[in-house]
Amino acid sequence: VGGTCGCTDASGEVELQIATRAYILHLIGSLLYSDKSNTKIHMKFILLLKDIPKIKNYAWGGALLVHLFRQLGVAAK
């Protein structure tokens, strides 16, 4: 049975996962992989956040380095 919101534990878990995905997506789009507009996020990140338990196994540091090196080349042109 649910907590203070009156929802079941299952629906509370779903809401928590949605909020977690939204927060991580915000971090990715605004801090890690931001662009000039600071409003666009590539669709590949949404697909990566599909399975929350797998997120910890991704090589986020390596992916960020690759992204930064590519952007360095773009900025140098």
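How many salt bridges does the count come to by the rule used here, which asks for a side-chain nitrogen of Lys or Arg within 4 Å of a carboxyl oxygen of Asp or Glu? The count comes to 1 salt bridge, and we will meet its two partners below.

First, some ground rules. This is a predicted model, in which local features need pLDDT of at least 70 and side-chain atom pairs count only at pLDDT 80 or more, while totals for chains, interfaces and linings use all residues. Residues are numbered from 1 along each chain as its sequence is written, and side-chain values use heavy atoms, with hydrogens and water left out.

**The overall layout**

The protein chain has 3 helices and 0 strands, and its pattern along the sequence reads α-α-α. Helices (H or I, at least four residues) and strands (E, at least two) are DSSP runs, numbered from the N terminus. Of the 77 residues, 12% count as buried. Here buried means under 20% relative accessible area, exposed means over 50%, and partly exposed lies in between (1.4 Å probe, protein chains only). The chain exposes about 6,200 Å², with carbon and sulfur atoms supplying 66% of it; such areas come from the Shrake-Rupley method with a 1.4 Å probe, and for residues only the protein chains shown count as cover.

Helix H1 covers residues 9–32, and its 24 residues should span 34 Å at 1.5 Å a residue. The expected span is 1.5 Å times one less than the number of residues. The end C-alpha atoms of H1 are 33 Å apart, which agrees. The buried residues of H1 are Leu 25, Ile 28 and Gly 29, and they pack against helix H2 (43–48) and H3. Ser 30 also sits in H1, but at 22% relative accessibility Ser 30 counts as partly exposed.

**The nonpolar core**

Which residues make up the largest nonpolar core? It has 6 residues: Leu 25, Ile 28, Tyr 33, Phe 45, Leu 49 and Ile 55. A nonpolar core is a set of buried Ala, Val, Leu, Ile, Met, Phe, Trp, Tyr and Cys residues joined through side-chain atoms within 4.5 Å. Leu 49 lies in the loop between H2 and H3 and is buried, with a relative accessible area of 3%. Contact means heavy atoms within 4.5 Å. Not counting residues up to four places away in sequence, Leu 49 touches Arg 21, Ile 24, Leu 25 and Ile 55. Tyr 33, leaving aside its neighbours within four places, is in contact with Ile 28, Phe 45, Trp 60, Ala 63, Leu 64 and His 67.

Leu 65, Leu 68, Phe 69 and Leu 72 make a nonpolar surface patch of about 450 Å². Patches are made of residues with over 30% relative accessible area and no salt bridge, with like charges joined within 9 Å and nonpolar side chains (Val, Leu, Ile, Met, Phe, Trp, Tyr) within 5 Å. Leu 68 belongs to helix H3 (residues 60–76).

Now back to the opening question: the salt bridge joins the side chains of Asp 51 and Lys 54 (4.0 Å, N to O).

| Residue | Relative accessible area | Class |
|---|---|---|
| Asp 51 | 32% | partly exposed |
| Lys 54 | 46% | partly exposed |
| Leu 68 | 47% | partly exposed |
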